[in-house]
Amino acid sequence: MVNQERPNELVAKQIVEERLGVELEHADTHGGVDYKSADGKIALEVTAVTQGGNKGARDALKKSVKKGVPGVDLATCWLVFAPEGQANMKTFIQRVQPALAELERVGESYFRRERAAIHTIEGGPLAEIYRTLLNAGVEMASSAPHEVKSDAPSHVHQVLVSTGSGGSVSGSDESLERLLDALSDKIDNPQKLAATGAVQRHLFVWVNDDTWHNIARPLSRTSPSWADEGWGAPSVAPTLDPAITHFWVMHERSRLGWFWDGKTWSALSPE
Ligand SMILES: [Zn+2]
């Protein structure tokens, strides 16, 4: 049986070819590395780190976001974290956005589940609002004030929800570390690359909206411009298996990515 190229392999190959000005040929006909250059000096393996999501919940949430909450405007965007596998994600935004608007009205910009639960038990003044957020499964909500860019004057502040698991990270360097950690399970990648004997051994990694949020966040770019500080290309060299000399990571939807050429990082964007 001959292995067929998968679409994400083909796209990765094209990106690498264009960036490096080389031509690669499909090599994984009977197992082994995905692509090689004709002279055998360059090898490319394509993989994906896409576990950690919950498609059913995310599809339901998409419907909820699309429906929106007419008449309930926010003064800022909000980042909301809710763990995977929530029930009733279909109406998540419809329940959460009015409560966040209420928080804004009383001058609150932050919600944390444990603290809110205690406050509610004690019958504090915010108990009613908190109860709505607690029932909706919100773990954390944080107001994210930002400038409304002149090129997007019609920006409507919105609730940006992450259902991904794995908590938060401080920036791209930490996301990279988590990604490399997730990759360390996939020992067949470096094995296939090592077996080629190529001088340049490239690993290309796709992430997507199913990937743990703490890995994909720098590249997912669902948010407005506050992503910029600390969320550019990593600032440290990746700790790679010696079989990997070049390292690529890209988000399927945003087509934003990073490329490590063995010496420096550069950012990739969909032009
Ligand atoms: Zn906004």
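Hi everyone, let's start with an open sheet of seven strands, which runs in the order E1-E2-E3-E8-E9-E10-E11 with mixed pairing. At its edges sit strand E1 (24-26) and strand E11 (265-268), and each of them pairs on one side only. From one strand to the next, the twist averages 20 degrees.

A word on confidence before we go on, since this is a predicted model. The average pLDDT of the protein is 86, and 87% of the residues score at least 70. Which elements have the lowest and the highest mean pLDDT? Helix H8 (residues 213-220) is the lowest at 72, and helix H3 (residues 92-105) is the highest at 97. Please keep an eye on residues 223-227 too: pLDDT stays under 50 there, and the model has eight contacts for them beyond four places in sequence.

Strand E9 (residues 246-251) pairs with strand E10 (residues 257-260) in the antiparallel sense, over four bridges. If you want a pair to click on, Trp248 has Phe259 in E10 as its bridge partner. Helix H6 (residues 172-183) lies across strand E3 (42-49), strand E8 (200-207) and E9, and runs at about 100 degrees to E3. Helix H7 (residues 188-196) also packs on the sheet, where it touches strand E2 (35-37), E3 and E8; the direction of H7 makes about 175 degrees with that of E3.

Now for the other sheet. Here four strands form an open sheet, ordered E5-E6-E4-E7, again with mixed pairing. Strand E5 (110-112) and strand E7 (159-162) are at the edges with a single partner strand each, so one side of each has no neighbour in the sheet. Neighbouring strands are turned by 15 degrees against each other on average, ignoring direction. Strand E4 (residues 77-81) and strand E6 (residues 140-144) are an antiparallel pair with five bridges, and Val80 has Ala141 in E6 as its bridge partner. H3 lies across E4, E5, E6 and E7, at about 125 degrees to E7.

Last stop, a helix pair. How do H4 and H5 pack? Helix H4 (residues 113-121) and helix H5 (residues 127-135) meet at an angle of about 130 degrees, with their axes 9 Å apart, which means H4 is oblique to H5. Their crossing is left-handed. On the H4 side the contact involves Arg113, Ala116, Ala117, His119 and Thr120, and on the H5 side Ala127, Tyr130, Arg131, Leu133 and Leu134. Those contact residues split into six nonpolar, two polar and two charged.

Notes. Residues numbered from 1 in each chain as written. Predicted model: local features only at pLDDT ≥ 70, side-chain atom pairs only at ≥ 80, totals over all residues. Axes fitted to C-alpha atoms, helices over the stretch in contact; angles between N-to-C directions. Helix = DSSP H or I, 4+ residues; strand = E, 2+ residues; numbered from the N terminus. Parallel < 35°, antiparallel > 145°, perpendicular 65-115°, else oblique. Left-handed = near helix turned anticlockwise from the far one by under 90°. Contact = placed C-beta atoms within 7 Å. Nonpolar A, V, L, I, M, F, W, Y, C, P; charged D, E, K, R; others polar. pLDDT = per-residue confidence, 0-100. Pairing = 2+ DSSP bridges.
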